[in-house]
Amino acid sequence: MLEMFVAGGPIMWALLAVAGVMGAVAVNAVRRLYGREAGTDAASAAADVDAVLFWAVFAVITGVLGTTVGLGIAARAIERAGGVSPTLAWGAIRVALIPAISGLCILGLGLLLWLPLRARVRRLAGVGTRR
């Protein structure tokens, strides 16, 4: 895992920071939705819950940006080298895809956090309840 993080390049630090911010926002949302004062500030808690989704999507955008840059660097290196074996070329592409895959993993985690939190916000707000 650490080897993939290092191979992903400097953009992986940005993805780590985005994941950390997303986690901190999610913890704050959980505290507001399930803590002692649950439901007292539903609008603010809803903003935190939506921020979890924002940061998850931002991780994908950052990962795709990192992959694009990585593919450009790999293409330039392959072009300069001239006759490169397909194995080497595909290895470079594999490494370039690490940030996008990491961003998608962060999105998946963010969605797993967002779905139950959003359901809790809707329940506290009384949206979707039958009368």
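Guide: Two residues are said to be in contact when heavy atoms of theirs lie within 4.5 Å. This is a predicted model, in which local features need pLDDT of at least 70 and side-chain atom pairs count only at pLDDT 80 or more, while totals for chains, interfaces and linings use all residues. Residues are numbered from 1 along each chain as its sequence is written, and side-chain values use heavy atoms, with hydrogens and water left out.

Before the close look, here is the setting. Among contacts in the protein chain between residues at least 6 apart in sequence, 82% join residues at least 24 apart. The chain has five helices and zero strands, so named because helices (H or I, at least four residues) and strands (E, at least two) are DSSP runs, numbered from the N terminus. Read from the N terminus on, the order of elements is α-α-α-α-α. Along the principal axes, the C-alpha atoms fill a box of roughly 70 × 25 × 20 Å. The radius of gyration, taken over C-alpha atoms, is 20 Å for this chain, whereas a compact globule of 131 residues would have one near 14 Å, by a globule rule of 2.2 Å times the number of residues to the power 0.38. Of the 131 residues, 30% count as buried; buried means under 20% relative accessible area, exposed over 50%, and partly exposed in between, with a 1.4 Å probe and protein chains only.

With a relative accessible area of 7%, Thr-67 is buried. If neighbours within four places in sequence are left aside, Thr-67 is in contact with Ala-96, Leu-97, Pro-99 and Ala-100. Two of these partners are also reached through polar contacts, a term for a pair of N or O atoms within 3.5 Å; within protein, one must be able to donate a hydrogen and the other to accept it, and residues adjacent in sequence count only if both atoms are side-chain atoms. A polar atom of the Thr-67 side chain lies 3.0 Å from the backbone oxygen of Ala-96, and the Thr-67 side chain also reaches the backbone nitrogen of Ala-100 at 3.0 Å.

From here, one can follow helix 5 (residues 98-125), where Gly-108 lies. Gly-108 counts as partly exposed, because its relative accessibility is 30%, and its C-alpha atom is 18 Å from that of Thr-67, a residue 41 places away along the chain. Gly-103 also has its place in helix 5, but Gly-103 is buried, with a relative accessible area of 0%. Not counting residues up to four places away in sequence, Gly-103 touches Leu-15, Ala-59 and Val-60. By contrast, 29 Å separates the C-alpha atoms of Gly-103 and Arg-80, which are 23 residues apart along the chain.

Further along, Arg-120 is found in helix 5 too. Arg-120 is buried, its relative accessible area being 18%, and a polar atom of its side chain lies 3.1 Å from the backbone oxygen of Leu-33.
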